[in-house]
Amino acid sequence: MADTKVYRASTTAPVNIAVVKYWGKRDPKLNLPTNSSLSVTLSQADLRTLTTASCSAAYPAPEGDSLLLNGEPSDVSGARTQACFRELRARRAALEAADPSLPKLSTMPLRLVSENNFPTAAGLASSAAGFAAFVRAIANLYELPASPSELSLIARQGSGSACRSLFGGYVAWRMGSAPDGSDSRADQVAPASHWPEMRALILVASAAKKGVSSTSGMQQTVATSGLFRERITTVVPENMDKMEKAIAARDFAAFAEVTMRDSNSFHATCADTYPPIFYMNDVSRAAIRAVEAVNAAAGRTVAAYTFDAGPNAVIYYLEQDTAAVVGTFYHLLGGLDGWKADSLKGAQSAVALDEAV
Ligand code: DP6
């Protein structure tokens with residue numbers, strides 16, 4: 001009798017926010033970066049993607065693979081999504097070849113259903129959590145004996161930053177040097193328990209979809225910015241080194257300085273792109289001034305800002321400074337029109353780090 005069973009597996013994946021940013025591809029096809037990067041994984045209680053993957057020989061073959069993202073059909077024909085399907089199917093097919101008693105899941109159409117609990121494409125790294133959940137859900141469905149590090153090689157091909165969302169805590173994506181990308185993968189620098197006081201406050205300056213996508217923005221930067229060359233040869237390697245030391249020593253002042261400098265350096269290369277790209281807006285710049293004011297009032301570094309390819313601020317701070325940081329933010333920003341109008345009515349959450357993903 002034909003196998004009409006529906007096979008199914010679900011998983012969740014967290015958002016990560018880089019403190020040393022990935023910006024630039026040396027190989028757009030394999031999604032290999034021009035520099036290493038390092039991120040902090042946020043708690044799934046606040047921000048996560050939940051994905052269910054299923055497959056069945058009873059799914060009509062002509063429809064092929066499909067993805068429902070936040071209730072809407074989403075295109076899966078793009079090269080990046082196809083690369084993930086291909087890599088995962090090849091690994092499953094190898095298992096099936098080695099053990100003919102296994103059901104032939106690799107030949108069945110796949111259906112994915114994915115939900116974010118935060119605004120998609122608002123600069124909150126939804127593609128990172130999205131592709132990480134996508135890859136792990138299918139890997140679970142296929143019962144692949146793959147480690148997070150191996151899955152990071154596949155997720156990277158969906159979206160670069162996704163390779164870091166396969167781990168909790170503090171995560172590095174090593175750029176690697178192999179032409180086939182086999183050493184361009186993520187690893188955990190430290191678990192969340194190493195520095196459990198770390199917190200992140202997300203200030204939503206705008207939940208609208210971003211203007212220039214990361215993919216096209218970074219391509220334009222690579223092609224046109226002179227400052228970018230300085231960033232990838234000198235600035236980022238130094239920042240990676242300093243950041244790993246700051247995390248190892250739990251030195252918040254050092255962590256904060258590298259985080260803010262690296263965000264500034266990344267946005268400077270965006271401004272140096274021709275024509276220039278501006279992700280930050282007046283509200284974002286007010287957040288920078290507010291962090292400076294919070295640190296000046298405390299007489300030490302208690303907060304660090306960082307911005308991805310959008311205007312929303314992520315503020316890192318330590319638990320013991322919650323009153324100083326979150327309290328002062330409310331106080332300061334309440335007096336600014338931009339914040340009143342745009343941001344404070346948006347999602348604002350203090351999130352802890354994830355222990356294990
Ligand atoms: C600014 O991972 O979204 O958030 O690989 O083209 O999908 P693609 O890019 P993506 O870029 C993220 C850029 C960033 C910095 C970072 O997360 O490191």
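Me: Helices (H or I, at least four residues) and strands (E, at least two) are DSSP runs, numbered from the N terminus. With that in hand, where is the place of Asn31?

Reply: Asn31 sits in the loop between strand S3 (25-27) and strand S4 (32-33). Look at its backbone too. Phi of Asn31 is near 55°. That is a positive value in a residue other than glycine. Before going on, note that this is a predicted model: local features need pLDDT of at least 70, side-chain atom pairs count only at pLDDT 80 or more, and totals for chains, interfaces and linings use all residues. Residue numbers start from 1 along each chain, as its sequence is written.

Me: Which peptide bond is cis?

Reply: The bond from Tyr274 to Pro275. Its omega is near -5°. Pro275 belongs to the loop between H6 and helix H7 (282-298).

Me: Now the sheets. In what order do the five strands form an open sheet?

Reply: Pairing comes before order: two strands pair if DSSP finds at least two bridges between them. Here the order is S1-S6-S9-S7-S8, and the pairing is mixed. Strand S1 (6-14) and strand S8 (72-74) stand at the edges. Each has a single partner strand, so one side of each is left without a neighbour in the sheet. On average, neighbouring strands of this sheet are turned by 20° against each other, direction ignored.

Me: How many bridges join S1 to strand S6?

Reply: Nine, and the two strands run antiparallel. S6 covers residues 48-56.

Me: Which four strands form an open sheet?

Reply: They run in the order S2-S5-S10-S11, with antiparallel pairing. At the edges are strand S2 (16-20) and strand S11 (186-190), each pairing on one side only. The twist averages 35° from one strand to the next. Strand S10 (residues 170-173) and S11 run antiparallel, joined by four bridges. Within this pair, Trp173 stands opposite Ala186 in S11.

Me: Which helix packs on the sheet?

Reply: Two terms first. Residues are in contact if their C-beta atoms, placed from the backbone, lie within 7 Å. Axes are lines fitted to C-alpha atoms, for helices over the stretch in contact, and angles run from 0 to 180 degrees between N-to-C directions. The helix is H5 (residues 227-248), which touches S2, strand S5 (37-41), S10 and S11. Its direction makes about 110° with that of S2.

Me: How do the axes of H5 and helix H6 cross?

Reply: At roughly 165°, coming within 9 Å; H6 spans residues 252-271. Angles under 35 degrees count as roughly parallel, over 145 as roughly antiparallel, 65 to 115 as roughly perpendicular and the rest as oblique. That makes H5 and H6 roughly antiparallel. Among the residues making the contact are Leu227, Phe228 and Val235 of H5, and Phe255, Val258 and Asp262 of H6. For classes, Ala, Val, Leu, Ile, Met, Phe, Trp, Tyr, Cys and Pro count as nonpolar, Asp, Glu, Lys and Arg as charged, and the others, Gly among them, as polar. The contact of H5 with H6 then has 10 nonpolar, three polar and four charged residues.

Me: At what angle do helix H1 and helix H3 pack?

Reply: About 155°, with their axes 7 Å apart. H1 spans residues 79-98, and H3 spans residues 148-158. The two are therefore roughly antiparallel to each other. H1 brings Arg80, Thr81, Ala83, Cys84, Glu87 and Leu88 to the contact. H3 brings Ile154, Gln157 and Gly158. By class, that contact has four nonpolar, three polar and two charged residues.

Terms used: Two residues are in contact if their C-beta atoms, placed from the backbone, lie within 7 Å.
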